[in-house]
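Please open the structure in a viewer and keep the selection panel at hand. The stops below are meant to be visited in order.

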Amino acid sequence: HQIKAIPRTSKERIDALLLKFLMASLPIKLDDIAEEWFVSRGTLQHDMVSVREHLNKYQITLDTVPRQGMKLEGAEHTIRSCIIDILWHLFSMENERSVNNFKQDILTNIDLTYIEKILQNSVNRFDIRLTNEGRQYLIFSCAVSILRITRGHELVDFVADEMDSVIKSAVSEIAKGFAFFLGS
């Protein structure tokens, strides 16, 4: 079991708070986080201003549930976009951008290398051209989709009528490859 790194700087806390709220199924109390991270509630409330501003860009809000804490409200596709963007930002800050070495608590049970292999196979087979950055971004998109689906958050009203038939076939093949994570 890995030791969870406690975020020390305001920026680290803001990213960690965002991911905590974005990944939580149940309301979260700031007091619990303050205790876990050994910081004052006031410090966290100060960070929450930035957290709310960030979420607002995605039309996501934090609602207070009396005596239970705060809970996220927003459309599933915007929640996914927000998580992907945060992970992508953290990944971009790495000195050596390697999917194999990128560690984040929320990705503990997600094998990014496996996702990369599945994507690479399909992208090559269907002759789809991607930049290195595009490929890496796609890995995070897939990882976040898997994370959300395994936590019971599916995109039910997604329509892909305008999609190129080659891309549709590649997507179908990639989805089959991810059955490993989803168990079905």
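Select the buried residues of helix α1 in this predicted model: they are Arg13, Ile14, Asp15, Leu17, Leu18, Leu19, Phe21, Leu22 and Met23. Then display what surrounds them. The cover over these buried residues includes helix α2, α3 (41-56), β1 (61-65), β2 (69-73), α4 (76-93) and α6 (132-150).

Next, show α1 as a whole. The helix comprises 14 residues, and the distance from its first C-alpha to its last is 20 Å, close to the 20 Å expected at 1.5 Å a residue.

How do the two helices pack? The crossing of α1 past α2 is right-handed.

To see the contact itself, select Arg13, Ala16, Leu17 and Lys20 on the α1 side, which meet Leu30, Ile33, Glu36 and Trp37 on the α2 side. Colouring by class shows five nonpolar and three charged residues in this contact, with no polar ones.

For the last stop, move to helix α6 and select Gln136. Is this residue buried or exposed? Gln136 counts as buried because its relative accessibility is 5%, which is under the 20% cut-off. Leaving aside residues up to four places away in sequence, Gln136 touches Trp88, Phe91, Arg97 and Val99.

Notes
Residues are numbered from 1 along each chain as its sequence is written. This is a predicted model: local features need pLDDT of at least 70, side-chain atom pairs count only at pLDDT 80 or more; totals for chains, interfaces and linings use all residues. Side-chain values use heavy atoms; hydrogens and water are left out. A crossing is left-handed if the near helix is turned anticlockwise from the far one by less than a right angle, and right-handed if clockwise. Helices (H or I, at least four residues) and strands (E, at least two) are DSSP runs, numbered from the N terminus. Contact means heavy atoms within 4.5 Å. Ala, Val, Leu, Ile, Met, Phe, Trp, Tyr, Cys and Pro count as nonpolar, Asp, Glu, Lys and Arg as charged, and the others, Gly among them, as polar. The expected span of a helix is 1.5 Å times one less than its number of residues. Buried means under 20% relative accessible area, exposed over 50%, partly exposed in between (1.4 Å probe, protein chains only).
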